[in-house]
Amino acid sequence: MLEKISVGGDGRTSLTDISIGRNAGNYSYCINRDRKTNDFHGLGALLIMN
């Protein structure tokens, strides 16, 4: 997880490689979804994890 977190020149933290929201599907579908930086799905999980 820590490999996906970085701090930009503006001092803001970014979380990369977040799978965008999706419905349930098979494994191949899930791992091949588009990924974003700072998508709310990943940021929410990060806050819960911490």
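Colleague: How many helices and strands does the secondary structure of the chain come to?

Modeller: The chain has two helices and four strands. Helices (H or I, at least four residues) and strands (E, at least two) are DSSP runs, numbered from the N terminus. Along the sequence, they follow the pattern β-β-β-α-β-α. The radius of gyration is 12 Å, well over the 10 Å that the globule rule gives for 50 residues, so the chain is more spread out than a compact globule. That radius is taken over C-alpha atoms, and the rule is 2.2 Å times the number of residues to the power 0.38.

Colleague: What should I know about the model itself?

Modeller: It is a predicted model, in which local features need pLDDT of at least 70, side-chain atom pairs count only at pLDDT 80 or more, and totals for chains, interfaces and linings use all residues. Residues are numbered from 1 along each chain as its sequence is written, and side-chain values use heavy atoms, with hydrogens and water left out.

Colleague: What box do the C-alpha atoms fill?

Modeller: Taken along the principal axes, the box is roughly 40 × 20 × 15 Å. As one example of distance, Gly11 and Asn32 are 31 Å apart in space, C-alpha to C-alpha, and 21 residues apart in sequence.

Colleague: What percentage of the residues count as buried?

Modeller: Of the 50 residues, 14% count as buried. Buried means under 20% relative accessible area, exposed over 50%, and partly exposed in between (1.4 Å probe, protein chains only). Gly11, in the loop between β1 and β2, is exposed, with a relative accessible area of 53%.

Colleague: Turning to charges, how many salt bridges are there?

Modeller: A search of the whole structure finds two salt bridges. The term means a side-chain nitrogen of Lys or Arg within 4 Å of a carboxyl oxygen of Asp or Glu. In one of them, Lys4 and Asp17 meet at 3.0 Å, N to O. Lys4 lies in the segment before β1 (5-7) and Asp17 in the loop between β2 (13-15) and β3 (18-19), so this pair ties together parts that are 13 residues apart in sequence.

Colleague: And which residue meets Arg35 in a salt bridge?

Modeller: Arg35 pairs with Asp17, at 3.5 Å, N to O. Arg35 lies in strand β4 and Asp17 in the loop between β2 and β3, so the pair ties together parts that are 18 residues apart in sequence.

Colleague: Is Asp17 buried, exposed or partly exposed?

Modeller: Asp17 is partly exposed, at 38% relative accessibility. Its phi is near 65°, a positive value in a residue other than glycine. Most residues other than glycine have a negative phi. Asn38, in the loop between β4 and α2, also has a positive phi, of about 60°.

Colleague: Where is Asp39 found?

Modeller: Asp39 is in the loop between β4 (35-36) and α2 (40-49). Asp39 is buried yet has no salt bridge, and the nearest side chain of opposite charge, Lys36, is 4.5 Å away. Lys and Arg count as positive and Asp and Glu as negative, while His and the chain ends are not counted.

Colleague: Which residues is Asp39 in contact with, leaving aside its neighbours within four places in sequence?

Modeller: They are Ile18, Ser19, Ile20 and Gly21. Contact means heavy atoms within 4.5 Å.
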